[in-house]
Amino acid sequence: MELTIENVEKLLEEQVRPSLALHSGDIQVVELTDGILKVRLLGQCSGCPSAALTMEELVNGELKEVFPQLKKAVLVTGVSDELIAQARELMKHR
């Protein structure tokens, strides 16, 4: 299967998100460039001590099985621009 964001999203939706949802989590594709996929874990999975294990075992495992041309999936940590914008909006209403 061709390595595209659309195909990655489909695989995540079918194979990865259901497992993350069991722990009130989710995953967001940040970028796919030169065979490297950058993702952010969301919800309860964000900042979880097991995030690295989740990336290695679940995310990389599922993706590399379908996309052998994927070099690696990388976990992006830190606060997203979207989350900062939401926080600013909340602070305006104080």
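**Figure 1. Leucine 32 and leucine 37 are bridge partners, the latter in β2.** This is a predicted model, where local features need pLDDT of at least 70, side-chain atom pairs count only at pLDDT 80 or more, and totals for chains, interfaces and linings use all residues. Residues are numbered from 1 along each chain as its sequence is written, and side-chain values use heavy atoms, with hydrogens and water left out. β1 and β2 pair in the antiparallel sense. Eight bridges join β1 and β2. Two strands count as paired if DSSP finds at least two bridges between them. Strands (E, at least two residues) and helices (H or I, at least four) are DSSP runs, numbered from the N terminus.

**Figure 2. Three strands make an open sheet.** The order is β1-β2-β3, and the pairing is mixed. β1 and β3 (72–75) are the edge strands. Each edge strand pairs on one side only. From one strand to the next, the twist averages 30°. Axes are lines fitted to C-alpha atoms, for helices over the stretch in contact, and angles run from 0 to 180 degrees between N-to-C directions.

**Figure 3. Helix α1 packs on the sheet.** α1 touches β1 and β2. Contact means heavy atoms within 4.5 Å. The direction of α1 makes about 155° with that of β1.

**Figure 4. Helix α2 lies across β1, β2 and β3.** α2 covers residues 51–66. It runs at about 150° to β3.

**Figure 5. Serine 24 has a positive phi.** The value is near 60°, in a residue other than glycine. Serine 24 sits in the loop between α1 (5–21) and β1 (25–33). Its relative accessible area is 51%, so serine 24 is exposed. Exposed means over 50% relative accessible area, buried under 20%, and partly exposed in between (1.4 Å probe, protein chains only).

**Figure 6. Aspartate 34 also has a positive phi, although it is not a glycine.** Its phi is about 50°. The loop between β1 and β2 (36–43) holds aspartate 34. Aspartate 34 counts as exposed because its relative accessibility is 64%.

**Figure 7. Leucine 90 lies in helix α3.** This helix spans residues 81–92. With a relative accessible area of 62%, leucine 90 is exposed. Leucine 90 and glutamate 13 are 77 residues apart along the chain. Their C-alpha atoms are separated by 30 Å.
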